[in-house]
Amino acid sequence: MREITFSQATLEAMSEEMRRDPTVFVLGEDIARQGGIFGQFKGLPAEFGYERVLDTPISETAIVGAAVGAALTGMRPVADMHFADFVTCAMDEIANQAAKIHYMFGGQARLPLVVRAPDGVVKSAAAQHSQSLESWFVHVPGLKIVIPSTPYDAKGLLKAAIRDDNPVLYFEHKALFAMKGPVPEEEYIVPIGKADVKRPGKDVTCVTYSIMVHQALDAAKELARDGIETEVVDLRTLVPMDIDTVIESVKKTKKVVVAHEACRRGGAGAEIAATIAEAAFDYLDAPVVRVGTLDVPIPFSPPLEARVVPRKKEIVEAVRRIA
Amino acid sequence: MVRIRAFEEKVEELFLAGKIPGFVHLYIGEEAVASGVCASLERSDYIVSTHRGHGHCIAKGASPRRMMAEILGKSTGYCKGKGGSMHIADFSVGMLGANGVVGGGFNIAVGAALSAKMRRTNQVAVCFFGDGASNRGTFHEALNMASVFHLPCVFVCEHNQYASTTPATYSLSVRDVADRAVGYGIPGVTVDGNDVLAVYEAAREAIDRARRGGGPTLLEAKTYRIKGHFVGDPEKYRDRSEVEEWKARCPILRFEDRLRAQGVLTEGEMEAIRAAAREEILEAVSFAEESPYPDPDDAFSDLYVLDTQGEGCGR
């Protein structure tokens, strides 16, 4: 199978969906003339024009607010946030408006809206350009949260998100944009709400998503040399969460590490660990261990950043502690 | 105007009788704005409303029965009892929703206007908001974006002198909200918001301009909130004399005087209009009161649209 980058995979998803449905359009900062700051929109205006690939003022509030209004009136907008950190400027539009409109108005309105948010630590971007904020939105009923780890999943899930009639937050890790992986030429969709076992194993389950899937796979290779077989479960979407796949794995391995790049405290890992405790406590042979960024803002200097952000080493240590 | 007044007086009465859960914000005294603006809108045009939104709903053509049922928390209400007074919407008449967040509607209106422009439908989006909301950042982002993209959007400020308990004279950097239009390169117009014909004429011009592709307008209607911020507001922030002064400028009385003076309607004909409005609202109350409350388990429906992915994730 051919290999393309994560970035190209999302670009193909955008093109295919915009070709398929004339109501799909994308708006955001530096996306049309610049092609997106990570090149993830490059070339779209040539085929779809500058109205459907809409450069906006620096107004995250207005970008998401306008996307809500457009979604309510027959369009399927994709709103780009530049950096996930800047969703903070559109919190009312996401949490108070988009998440609640279908419910609050008794099901009258549909809100087919995607918010794309490049997140995560890359190249010493420091405290305001490195965060992983997905857990905030996991806490707000009415949203779907998609967070892929591979080019294949990125494409299939973005297409599913665009076709979904609900507001979807699509978190894409900045360090993954350049990563290559197999993506078939023919069209496919990855359904929202289905986890994927990226590596089978019998000894310990590592429940993870986004960039930490790759760290977990690397960790699993190292651990395998010592005879520890780690099963890597890539959640792919946090809401709805495919808890059945997680529990099935836990019943087999009886030991769980939950790993994400977001801060440990109040992270999605807490929800995952609690859910496992509620649903499969009797199967557990060890406490659930969480791996996440230490609870400080992401510091700038490389040794500081490396000190607080977990990678393969932290997952290996966590697995060894309970294996 | 008369139907809105009758509706709001009944809502106040029901609230004071303990029949309405939550809070209600009445539109009494400001009826000329919604009525004057919506008179120039087509059914397919959009409005975005506020926490004080009953008047906008009625003026845009929503059903008082389903509004009243919603306000009473009944299953026959517009939102099946999930929204209440601050969250009424009727998408069938282009009423895209009241909003519990002050200033939450600006950019939704911008998006509706953007969508209308992209779909080439000639629809116009009107955003109602108060003087207080014009201090939100959302106002400024919305006006800038609507201007930059030349959108068919009309921003209608109901300058009712108070942002909850804070007077506009304290919290606004300008005397007229319309002055803020200069910063966004769009027309800003101030009218007497208690003169329904003045509102009508200014709104018609702005709406026509938007429809012709002439871009957005900021229209400010100077008016007054006769009742408290919410029913039960102790109103310690203003003198009764100020309220009485504005009561004398009631938009309905003024319009009636004019119709009488010009011989358009007789007193008898006007009384017939008032009686019909009272009758309609009484019927709406009966409908609402006789309607059932939602089943408690209905709290779990409508969280997600289920058909696109085939499954939801609510419970």
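Helix α6 of chain B buries B:Thr138, B:Phe139, B:Glu141, B:Ala142, B:Leu143, B:Asn144, B:Met145 and B:Ala146. Keep in mind as you look around that this is a predicted model. Below are some notes on that helix, on a strand of chain A, and on chain B as a whole.

**Helix α6 of chain B**
- The buried residues of α6(B) pack against α5 (106–119), β3 (153–159) and β7 (217–222) of chain B, and also against α3 (60–72) of chain A.
- With 12 residues (137–148) at 1.5 Å a residue, α6 of chain B should span 16 Å, and the 17 Å between its end C-alpha atoms agrees with that.
- Look just past α6(B) and you will find B:His150 with a positive phi of about 55°.

**Strand β14 of chain A**
- Five of the five residues of β14(A) (residues 289–293) are buried, so the strand is largely enclosed by the rest of the structure.
- Its pairing with strand β13 (residues 256–263) of chain A is parallel and runs over four bridges.
- A:Thr293 in β14(A) is the bridge partner of A:Cys263.
- Together with helix α9 (residues 268–280) of chain A, β13(A) and β14(A) form a right-handed β-α-β unit.

**Chain B overall**
- Chain B contains 11 helices and seven strands.
- Its radius of gyration is 20 Å, close to the 20 Å from the globule rule for 315 residues, so chain B is as compact as a globular protein of that length.
- Along the principal axes, the C-alpha atoms of chain B fill a box of roughly 50 × 50 × 40 Å.
- Of the 315 residues in chain B, 53% count as buried.
- Among contacts in chain B with a separation of 6 or more, 73% come from residues 24 or more positions apart.

Key. Residues are numbered from 1 along each chain as its sequence is written. Chains are lettered from A and ligands numbered from 1 in the order in which they are written. This is a predicted model: local features need pLDDT of at least 70, side-chain atom pairs count only at pLDDT 80 or more; totals for chains, interfaces and linings use all residues. Helices (H or I, at least four residues) and strands (E, at least two) are DSSP runs, numbered from the N terminus. The expected span of a helix is 1.5 Å times one less than its number of residues. A residue is buried if 20 or more other C-beta atoms lie within 10 Å of its own, exposed if 12 or fewer, and partly exposed in between; C-beta atoms are placed from the backbone. Two residues are in contact if their C-beta atoms, placed from the backbone, lie within 7 Å. Two strands pair if DSSP finds at least two bridges between them. A crossover is right-handed if, with the strands pointing away from the viewer, the path from the first strand over the helix to the second runs clockwise. The radius of gyration is taken over C-alpha atoms; the globule rule is 2.2 Å times the number of residues to the power 0.38.
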